[in-house]
Amino acid sequence: MYARIVVDVNAKRVDRLFDYEVPEQLKSVVQIGMRVVVPFGPRKRQGYIIELMDEAHEKELKSILHIQDMTPELNKELIALSEWMQTTHIAKRIAVLDIMLPRAVKGKYHKVYRLEEPEEISDELYTLFRKQQVRISSLSADDILKLKPYVESGVITEDIEVNQQQQVKTLKAVELCDINVEQALATLRSDKQKDCLLSLADEGRLTLKELKARDFSAAVVSGLEKKGLIRKIEIEAARDPFAHRTVHPDAKKVLLTEQQAAYNRIRQSIDDEEHRVFLLHGITGSGKTEVYLQTIADVLAQNKTALMLVPEIALTPQMVERFKARFGDEVAVMHSGLSIGERYDEWRKIRSGQARVSVGARSSVFAPFENLGIIIIDEEHEASYKQEDYPRYHARDVAFWRGSYHNCPVVLGSATPSLESYARAEKGVYELLTIQTRANQFPVPTVQVVNMRDELAAGNRSMFSAELTRAINDRIQKGEQIVLFLNRRGHAQFLLCRDCGHVPNCPNCDISLTYHKVTDELKCHYCGHKEYKPLTCPNCESEHIREMGVGTQKVEELIYQHFEGARVIRMDNDTTSRKGAHEQLLTKFKNQEANILLGTQMIAKGLDFPNITLVGVLNADTMLNLPDFRSSERTFQLLTQVAGRAGRADKEGHVIIQTYNPEHYAVQYAKNNDYAGFYKEEMTYRKIGKYPPYYYLVNLVFSHAEMKEVLLESKHIHQTLLQHLSPSSYVLGPAPCTIARINNQYRFQIIIKFKSEPALLEALTYLDDHYYDKFVKNKFSLSIDINPQMLM
DNA sequence: AGCACGCCGACT
DNA sequence: GTCGGCGTGCTC
């Protein structure tokens, strides 16, 4: 018996299967998908069992040393999926397997088995658990076989070995000693101490943080402690990120006509066990989520499982709560905020069948479900479904593959579908389901476009038009809430000399440096270069060197200057990077602790607060002017989405969009909430420009420290592509990239445009293989992006 | 990717 | 002589 194994070495040269003998004692335990340790050349390496062969191998083989898992981490489906991704994404097999699995099962983490109920097992097995837990590498195959049933029944639990100090977080708290509260109160003279004691008597124990929040200072606490009435303790922080909230069960809602029609079609596909793709086009507030929830409920009733994808930023606690409320413990949640251990917990819940629904961001498309009944991708147009670094996969493509494997429907939902998806729906490749009525019956907000050129002409040089200023003041006065949107974080974009026009650039990259006020530094976001802000222009020594382009930080200052009574919560990458910060800020806003929410992209989704009556887009042009063929589409989507934040409750919503391009079609169609109109017009431009969905794209980027070298080599590759591809495809370039140099590497790109190109994968694979050695030797790098999200 | 092997130069 | 530079080639 031998095994075919992918070895965990991230190199093109060993990106293939290696055969190893399965030693006699492991024959009964090895399974496809298990991780094993094998001798590889002069050293030992981890590997994945891809196939098991019963017959003997023609050659003498090395043997597997030991196994790493008691149950396989990968199932047959994921193995087949990784093979498909390897060929279609020009990626190494091991790199694909790596992104599919949670980090806990990679490299430096060891699995351990802990004995939970010692009385349940025999003395012989008991001796294995020296320190209550045991690493799998120290177990013989025989032991593993004997222990396995106990793992399945829960007498022994599987976990990953972690540094205890790091993993178990403790909070400092206090609790009452065993005392008679009334007697104690009588001895106290300070009212603060009495109040504090009463609070503790009510709630049992409180953390120091909570006490501080209730205005009990450390002096009060230590006073009580000295009197021996309370004592300090340490409590373990919750591992379940949602453990502290009480979830109220959520009953299913009655569907309106259009929702019902959409539901019926999807339900049919579930019942037929037929892989179909649906595009659910429903305006904001049309109740798409309720359709998802009810189809998922049906899938569960048929004893199948459901996979739900949402963009990371939409994965808010409110969203998760809604799923938990409907499906309870059957829901696994996967997002970037989880620790390695938490993520592994969720993954195992799915693998063991304990959770039959998952809600998660991009990478959760690999959730190890058996028997999938439906896959849903909400906000399917979101760019975050495409992984922007290697291996560059799109969750939508993976979802289609899995849907076809499981014979189940894939539902793409959006208020503003991507042009690619809508075009496919029009062609009949996907089935289009439309919801045009708002389920909540809220009125559609009024949208007003303000021409900032007119403002400038009228002498208003500020960030706020007269109209927006009036509206903000009005809402502040009425005690209503405002959301302001700005697509740029930080303080200022760059420095500009008013006298000579000089802009300080990064010495290593062809990009202007960004100004950070906190440190008073200029930074490069691409290579990390930092320098102090110059006092005079480095070029002409003029003192008129100014900050240009305003970020959220700066706007926050401006708001306080301009508006009396403004209380701002700022949400951007800088204020939400801490775990849980996102949620905290939203809760604060919900509790009316502020009247203005100022933020970037991330506030465009999932906010659903009744008191928001005004939404302002400070500058709609920042994304409109990006040099990318999708910039109009992005602008339209974002404006539509931002506008949807207003007017959700009984109060009328108002949206003000400030722009220097008021006549731009993306702005106009967004204003009129006219998806069909936008689609039609944008499609004509895509057709003329030979862009998706009329053509497919591949973006090849080359880089090297010498410009000559890149140019020469990329010309060579251009020739190779012309030879391999059919004459109907276009091979454009090589041309310098938008950012022509990053970290002192010159960058050139070649763009392939094609409608149908049978030789594409073959040609790209050839490039990847054939040029590989040359690239390694010459320090050349080549990146291949199939169906890129951006061409920059 | 690593790691060994091997073939040349400059040292105690 | 032999220590160590890194070009070349292999990993079941």
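This report walks through a strand sheet, a surface patch and some salt bridges in a predicted model.

Let's start with the sheet. Four strands, in the order E31-E32-E30-E33, make up an open sheet with antiparallel pairing. Strand E31 (730–742) and strand E33 (781–786) sit at the edges, each pairing on one side only. From one strand to the next, the twist averages 20°. Between E31 and strand E32 (residues 745–754) there are 7 bridges, and Ala-735 has Gln-749 in E32 as its bridge partner. Helix H26 (residues 760–770) packs on this sheet, where it touches strand E30 (696–704), E32 and E33; the helix direction makes about 160° with that of E33.

Leu-626 belongs to the loop between helix H21 (621–624) and helix H22 (631–643), and is partly exposed at 41% relative accessible area.

Now to the charged pairs: the model has 38 salt bridges. Here are three of them.

| Pair | Closest N to O |
|---|---|
| Arg-402 and Glu-77 | 2.8 Å |
| Asp-142 and Lys-146 | 3.8 Å |

Arg-402 in helix H14 (residues 395–406) and Glu-77 in helix H1 (residues 76–88) link distant parts of the chain, 325 residues apart. Arg-402 is buried, at 0% relative accessible area, and Glu-77 is buried too, at 3%.

Asp-142 and Lys-146 are 4 residues apart in helix H4 (residues 141–153), about one turn of the helix. In helix H17 (residues 466–478), Asp-474 and Lys-478 are also 4 residues apart; Asp-474 is partly exposed at 22%, while Lys-478 is exposed at 54%.

Finally, a network of salt bridges links Lys-386, Glu-388, Arg-392 and Asp-785.

Notes: Residues numbered from 1 in each chain as written. Chains lettered and ligands numbered in written order. Predicted model: local features only at pLDDT ≥ 70, side-chain atom pairs only at ≥ 80, totals over all residues. Heavy atoms only, no water. Pairing = 2+ DSSP bridges. Helix = DSSP H or I, 4+ residues; strand = E, 2+ residues; numbered from the N terminus. Axes fitted to C-alpha atoms, helices over the stretch in contact; angles between N-to-C directions. Contact = heavy atoms within 4.5 Å. Buried < 20%, exposed > 50% of the residue type's maximum accessible area, 1.4 Å probe, protein only. Salt bridge = Lys/Arg side-chain N within 4 Å of Asp/Glu carboxyl O.
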